[in-house]
Amino acid sequence: MEEHLSLKEKEQAEEAMIQQAFQELLTDYLATKHRKRVEIITKAFNFANQAHRGIKRRSGEPYIMHPIAVAKIVCNEIGLGSTSICAALLHDVVEDTDYTVEDIENIFGHKIAQIVDGLTKISGGIFGDRASAQAENFKKLLLTMSDDIRVILIKIADRLHNMRTLGSMLPNKQYKIAGETLYIYAPLAHRLGLNRIKTELENLSFKYEHPEEYAEIEKKLAATAAERDKVFQEFTAPIRAQLDKMGLQYHILARVKSIYSIWNKMQTKHVPFEEIYDILAVRIVFKPRNMEEELNDCFDIYVAISKIYKPHPDRLRDWVSHPKSNGYQALHVTLMANNGQWIEVQIRSERMDDVAEQGFAAHWKYKEGGGGEDEGELERWLHTIKEILDDPQPDAIDFLDTIKLNLFASEIFVFTPKGDLKTMPQDSTALDFAFSLHTDIGTHCIGAKVNHKLVPLSHRLNSGDQVEILTSKAQRIQPEWVGFVTTARAKAKITEILRKEEKINQQKGEALLNEFLQKEGVPVDASSVDRLTNLHNFHTPDELMAAIGSGKLVLGDADRNLFKEKQGKNWKKLLSFSFVKDNKEGKDTKEEPKQEGKPEKIDTKKILKLTEEAISKDYIMAECCHPIPGDDVLGYIDEHNRVIIHKRQCPVAVKLKSSYGNRIIATEWDTHKDLSFLVTIYVRGIDGVGVLNEVTQVISRQLNVNIRKLVIDAIDGIFEGKIQLYVHDVDDVRTICNNLKQVQNVKEVARVED
Ligand code: MN
């Protein structure tokens, strides 16, 4: 049919589709509480539409469908207004067409132009080819964000739409984009409180990295849906009756755990789908009787429903009185249903629910005139990031790690001696707390009192601790402090000060050293300094000078003798000295990339076949995750043009994907069971006569597999063990695990990393 359409008819059909998509956006926008600025949105759309005219996405769609979709996400799923919608419509114009930021500013004004500029700056490397561009981009992303948070919100919307349409990309790009999403954007969305978007980003990444597992969990969820619905109806019926009696307006939702979260739990807890009991949660969203009673209503509902079902004593989470730093507020309680199952119930007001789903943007909905103190927590977070960026490190990857630390950690609450509440990342130490108060307090910290008891600087804090920091003017930062802190801010401060001190010590040391050499009549040159460095077993002259400068090393008779011996006899020392040096140089050249290797460049656009021959000769199985045939894997081409095979979920691979995405290559197994690979199987069960014997029998006799190592521990009637054995592929592992599960009293069997 389509072939018969003339070019003109085709264009008209496309234009009609574009106009319809835009009309949908306008309708959605007009349904919000925002100012009805239809005119400027229409202008932005018309401008973008003609700028992208004739350009297609990989899927074959007209390009403008992408900015419209991003604008829709920004409007409907994040809840932003006209400025953001315009910026979303225009977000790829400067990047992909001849228009400049000045053009945008002339037509749409400063604010929109500034946001588009921010989005353009951070879009560069995502599909670009520069190594580690992503890490650098991320840095810029955060910097820009502190100017206007809307830049990052629109960026997340852009990423969400790209993930939703990822199917039309090449496989190697899919891994790269999915990896970045999991490593950078999902945590960022979480940090900003965009929970629904975070969940979708995680699910989509997982779907592309492990399609089979995704489909399997999806199937199992569908198969158990009716049963969950029955439990939900029975469980909520008495709750509804009670809430009605209280005269509340509310709705109750069944919350099903996301596919990615289910998989994550299966991995970390080594349990099958059937043994995950918290797939169903219940959410009560109510309209407060009046705004002042909002918090009281939460607790009233809690009291009412814990009279119906027995609450779990340790599982009340009060995010109502102490909101999380991403703004999240709710009361979580776990109740025992009549069938004996624990079910989590989340109690939120409508406002709290909006904040949970849409993040900080939702605050603006409830704030007339915007701004206000609710942005304080977010501002403080942005400020921390800015501080780290003010002292940039040469290695962008390290930077990513520092940031990641803070993005992933959840919070604890601690009190100052005066009773002020402070939010800290989980695992923060007393020293972290000191640095969070003030750099000066951190620098001069000698100890802390936690709940009035003296503790060392490295003491880990718990929620609810009252912390008093003890300081002394005489105290100075020690190198080992780097290991005493977990927050990026404290770590960055300590290394910065240590580096500065080291520099000063080196300069001091250099002056002292020169003075010493002159006094001894020895030439002040590199060779003399090298000999002293060698004598005191330092790696570099800088280290020697720092030691002298700090007073740790005082030059004395041994040093004098070194130079006196030069005149006559001690040729032995000279010889050994030059030998050491030769050896060093030899080592250096060994580490140089081999030039004579294979010169041909590997084409990352093609799928690399992992044949048995190639695995044994050319490719390297990563030491970190030990992939075996059948695993979901990808290839990374290192700087020496070697292919290293990683599991897709390996943390190292995830990092490589986000930093060196252009070196990732899609791979496919093509093996014939000749090679053997080492895997580790974890078993756990109830200790009893003959269990271990049976386990080893299953492996060695029944399956005829070679065990390399077997470590078993039994404590209090439970045994736990790791078996290292040689297998051909994941099918072998599956057979072994299934057979081991048949052994009586074996409760848990899983393949683990090591
Ligand atoms: Mn885009």
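**Figure 1. Donor residues around the manganese ion in the predicted model.** In this predicted model, the manganese ion has as its protein donors His-66 and His-91, each through NE2, together with Asp-92 and Asp-158, each through OD, and these donors lie 2.2 to 2.5 Å from the ion. Read along the sequence, the donor residues follow the spacing H-x24-H-D-x65-D. His-91 counts as buried because its relative accessibility is 3%, and Asp-92 likewise counts as buried, with a relative accessibility of 7%.

Figure 2. The structure holds 33 salt bridges, and one of them joins Arg-196 to Glu-357, with the closest N and O atoms 3.9 Å apart. Arg-196 lies in helix α11 (residues 195–209) and Glu-357 in helix α16 (residues 350–358), so this pair ties together parts that are 161 residues apart in sequence. The accessibility of the two partners can be read from the model as well: Arg-196 counts as partly exposed at 42% relative accessibility, whereas Glu-357 counts as buried at 13%.

Figure 3. Glu-202 counts as buried, since its relative accessibility is 12%.

**Figure 4. A salt bridge between two loops, Asp-278 to Lys-257.** The side chains of Asp-278 and Lys-257 meet in a salt bridge with an N to O distance of 3.4 Å. Asp-278 lies in the loop between α14 (259–269) and β2 (280–287), while Lys-257 lies in the loop between β1 (249–256) and α14, so the pair ties together parts that are 21 residues apart in sequence. Asp-278 is partly exposed, with a relative accessible area of 32%, and Lys-257 also counts as partly exposed, at 22% relative accessibility.

**Figure 5. A negative surface patch formed by four acidic side chains.** Glu-502, Glu-510, Asp-542 and Glu-543 together form a negative surface patch. Helices α22 (488–519) and α24 (541–550) each supply at least two residues of this patch. Glu-543 has its place in helix α24, and this residue is partly exposed, with a relative accessible area of 31%; that value meets the requirement for patch residues, which is a relative accessible area of over 30%.

**Figure 6. Two histidines with positive phi.** Most residues other than glycine have a negative phi. His-270, although it is not a glycine, has a positive phi of about 55°. This histidine is found in the loop between α14 and β2, and His-270 is partly exposed, with a relative accessible area of 22%. His-626 also has a positive phi, in this case near 45°, and is likewise a residue other than glycine. The place of His-626 is in the loop between β12 (620–621) and β13 (633–637), where His-626 counts as partly exposed at 31% relative accessibility.

**Figure 7. The pair Gln-50 and Ile-64.** Gln-50 is found in helix α2, which comprises residues 38–51, and is partly exposed, with a relative accessible area of 35%. From C-alpha to C-alpha, Gln-50 and Ile-64 are 8.9 Å apart in space, while 14 residues separate them in sequence.

**Figure 8. The pair Ile-104 and Val-116.** Ile-104 is found in helix α6, which comprises residues 101–108. The side of the accessibility scale on which Ile-104 falls is clear from its relative accessible area of 0%, and Ile-104 is therefore buried. Ile-104 and Val-116 are 12 residues apart in sequence, and their C-alpha atoms are 8.3 Å apart in space.

Methods. Residues numbered from 1 in each chain as written. Predicted model: local features only at pLDDT ≥ 70, side-chain atom pairs only at ≥ 80, totals over all residues. Heavy atoms only, no water. Patch = residues over 30% accessible without salt bridge, like charges linked within 9 Å, V, L, I, M, F, W, Y side chains within 5 Å. Areas by Shrake-Rupley, 256 points an atom, 1.4 Å probe, with all protein chains shown as cover. Lys, Arg positive; Asp, Glu negative; His and termini not counted. Charge placed at Lys NZ, Arg CZ, Asp CG, Glu CD. Helix = DSSP H or I, 4+ residues; strand = E, 2+ residues; numbered from the N terminus. Buried < 20%, exposed > 50% of the residue type's maximum accessible area, 1.4 Å probe, protein only. Donors = N, O, S within 2.8 Å, 3.2 Å for Na, K, Ca; no water.
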